[in-house]
Amino acid sequence: MLEYITDREIYKRVIQERVPQARRFVWLATADLKDLYVEKGRKMAPFLEVLSELVERQVAIRLLHAKEPGPNFRRDFDRYPNLIEGLEQILCPRVHFKSIVVDGEFAYSGSANLTGAGVGAKSVRRRNFEAGIITTDRELIEAMMEQFDAVWCGRHCVSCGRTEYCAAYVDMIGG
């Protein structure tokens with residue numbers, strides 16, 4: 001399956017449907033990271049609550065992001081103490097790709113950051129115009145995972161040129 005999706009469909013098909021169904025792992029890559037809220041029953045809850053529930057089910061979560069999240073995100077993060085150990089994250093100022101991989105069987109790649117305006121969780125008058133693809137195609141998913149893994153493992157760190165902005169730099173190459 002390979003499908004082009006836009007705007008609110010990104011929220012519905014990826015954030016609402018696929019991520020909560022993860023059984024083994026979720027990899028999230030985004031340039032911008034904000035206090036995304038999602039529908040849970042009749043209420044709106046932080047997306048971090050969804051991730052916290054996945055951690056409780058022993059789902060491994062990895063998050064690549066390009067800059068420090070804002071104070072609202074950090075406040076919400078503190079409400080879910082299991083994320084401290086259960087959500088692995090690396091800040092890399094060069095990350096600009098946006099992708100979500102669920103269990104190595106489903107993936108999204110596109111323009112949407114992990115924000116309410118980006119993934120279409122905001123009202124129609126406040127969300128961004130975004131586009132991307134979703135797929136279950138093994139070759140495409142492997143290519144997305146390879147890109148993610150290259151950054152995650154620090155394969156670009158030695159020649160990056162922006163390591164002074166990267167908190168993980170010392171851990172990645174022992175500098």
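**Pockets, cavities and packing**

Reply: β6 and α6 (138-152) each supply at least two residues of the lining of the largest pocket. This is a predicted model, in which local features need pLDDT of at least 70 and side-chain atom pairs count only at pLDDT 80 or more, while totals for chains, interfaces and linings use all residues. Residues are numbered from 1 along each chain as its sequence is written, and side-chain values use heavy atoms, with hydrogens and water left out.

Me: How is empty space found, and what is a pocket as against a cavity?

Reply: Rolling a probe the size of a water molecule over the atoms shows where empty space is left. On a 1 Å grid over the protein atoms alone, a cavity is a set of points where a 1.4 Å probe fits but cannot get out. A pocket is an open set with protein on both sides within 12 Å along at least five of seven lines, and lining residues have an atom within 4 Å of a point. Grid points are joined across faces, edges and corners, and a volume is the space filled by probe spheres set on the points.

Me: What is the volume of the largest pocket, and which residues lie nearest its centre?

Reply: Its volume is about 250 Å³. The lining has 19 residues, and Cys-92, Arg-94, Val-95, Val-151 and His-156 lie nearest the centre. α6 gives the most to this lining, with three residues.

Me: How is a lining sorted by class?

Reply: Ala, Val, Leu, Ile, Met, Phe, Trp, Tyr, Cys and Pro count as nonpolar, Asp, Glu, Lys and Arg as charged, and the others, Gly among them, as polar. The lining of the largest pocket has twelve nonpolar, five polar and two charged residues. For the second largest pocket, of about 200 Å³, the lining divides into five nonpolar, four polar and four charged. Helix α5 (residues 116-119) gives the largest share of that lining, three residues.

Me: How many cavities are there of 30 Å³ or more?

Reply: The count comes to two. The largest cavity holds about 90 Å³ of space, and its lining residues include Leu-33, Phe-47, Phe-73 and Asp-76. α2 gives the most to this lining, with three residues. By class, the lining has nine nonpolar, no polar and three charged residues.

Me: In helix α3, which residues are buried, and which are exposed?

Reply: Buried means under 20% relative accessible area, exposed over 50%, and partly exposed in between (1.4 Å probe, protein chains only). In α3 (residues 71-78), Phe-73, Asp-76 and Phe-77 are buried. These three are on the same side of α3 because they cover an arc of only 105° around the axis; the arc is that of the directions from the helix axis to the C-beta atoms. Pro-71 and Asp-78, on the other side, are exposed.

Me: Against which elements do the buried residues of α3 pack?

Reply: Contact means heavy atoms within 4.5 Å. The buried residues pack against β3 (37-40), β4 (43-46), α2 (47-56), α4 (82-86) and β6 (87-91).

Me: In which sense do β5 and β6 pair?

Reply: Two strands pair if DSSP finds at least two bridges between them. β5 and β6 pair in the parallel sense over five bridges, and Leu-63 has Gln-89 in β6 as its bridge partner.

Technical notes
Helix = DSSP H or I, 4+ residues; strand = E, 2+ residues; numbered from the N terminus.
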